[in-house]
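Please look through the sequence and the model below before reading on. The paragraphs that follow lead from the surface to the strands, and then to contacts between side chains.

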Amino acid sequence: VSDIVLGGADAGNYVLASTTASGRGIITQRPLSTWVGAAGGNWSNAANWDALPDGQNVAAVRIPAGAGTVSMDVAGVRIGSLQSARPLVQTATGGFTTSALLLETAGGAALGGANQIGAFSAVNTGSGDIALTNSGVLLLGVLSNTAGSSGLANTGAVISSSQIVASGSVQIRAFSPLT
């Protein structure tokens, strides 16, 4: 910090020993960021959040019930869990880049933008489909969709030892990586 000055009515009563300072701090990840937008809209609009989830600044995201679809229009988001009571559509290429993502939704989710997720679990309790396009080795956890279909397209291996439940169709495709 530089250019430190005294201000206020009593500033003349004090003398600064130095006009510069240094220090250390610890920045901790915010545990939860919540959508506060009244209707659907873009993920990138800070006005829709109590704290905009960008990069890896938050651990979890919650989008409560309400009108409209949330459009994930940013890339490189690194969160651990996403709860959405609204439909979620990914419009940015490379939206999620994270070691593990737990998706809990009541409106379906279309995550089709070349994600790089290491482990994926998804539960949809409402209407709508779950769709994921991903690259890299994907460890598939629980996949449950009570009122829709589920589709995963992965460039790389898909490893699953968990239960898959769906009222509609289930399609899991693993493509050989290109070299």
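Leu 6, Tyr 14 and Leu 16 together make a nonpolar surface patch of about 290 Å². A patch is made of residues with over 30% relative accessible area and no salt bridge, where nonpolar side chains (Val, Leu, Ile, Met, Phe, Trp, Tyr) are joined within 5 Å and like charges within 9 Å; the areas come from the Shrake-Rupley method with a 1.4 Å probe, and for residues only the protein chains shown count as cover. This is a predicted model, in which local features need pLDDT of at least 70 and side-chain atom pairs count only at pLDDT 80 or more, while totals for chains, interfaces and linings use all residues. Residues are numbered from 1 along each chain as its sequence is written, and side-chain values use heavy atoms, with hydrogens and water left out.

Leu 6 lies in the segment before strand 1, and with a relative accessibility of 39% Leu 6 counts as partly exposed; the scale calls a residue buried under 20% relative accessible area, exposed over 50%, and partly exposed in between (1.4 Å probe, protein chains only). Asp 3 also belongs to the segment before strand 1 (30-34), and Asp 3 is exposed, with a relative accessible area of 66%. Most residues other than glycine have a negative phi.

We turn now to the strands, which, like helices, are DSSP runs numbered from the N terminus (strands are E, at least two residues; helices are H or I, at least four). Two strands pair if DSSP finds at least two bridges between them. Strand 8 (residues 109-124) pairs in the parallel sense with strand 6 (residues 88-90) over two bridges, and in strand 8 Ala 109 is the bridge partner of Leu 88. Strand 7 (residues 97-105) also runs parallel to strand 8, joined to it by eight bridges, and here Leu 102 has Ser 121 of strand 8 as its bridge partner. Four bridges pair strand 8 with strand 9 (residues 130-135) in the parallel sense, and Ala 109 has Ile 130 as its partner in strand 9. Finally, five bridges pair strand 8 with strand 10 (residues 138-145), again in the parallel sense, with Val 123 standing opposite Ser 144 of strand 10.

Which side chains meet in a salt bridge? Asp 50 and Arg 30 do, at 3.1 Å from N to O, where the rule asks for a side-chain nitrogen of Lys or Arg within 4 Å of a carboxyl oxygen of Asp or Glu. This pair links distant parts of the chain, 20 residues apart, for Asp 50 is in the loop between strand 2 (41-42) and strand 3 (58-63) and Arg 30 is in strand 1. Asp 50 is partly exposed at 39% relative accessible area, and Arg 30 is partly exposed at 33%.

Aromatic rings of Phe, Tyr and Trp (its six-membered ring) pair if their centres lie within 6.5 Å, and planes under 30 degrees apart count as stacked, over 60 as edge-to-face and the rest as tilted. By this rule there are three aromatic pairs. One of them is edge-to-face and joins Trp 43 to Phe 96, with 6.3 Å from centre to centre and 90° between the planes. Trp 43 is buried, with a relative accessible area of 0%, and Phe 96 is likewise buried at 0%. Ring pairs link Trp 35, Trp 43, Trp 49 and Phe 96 into a cluster.
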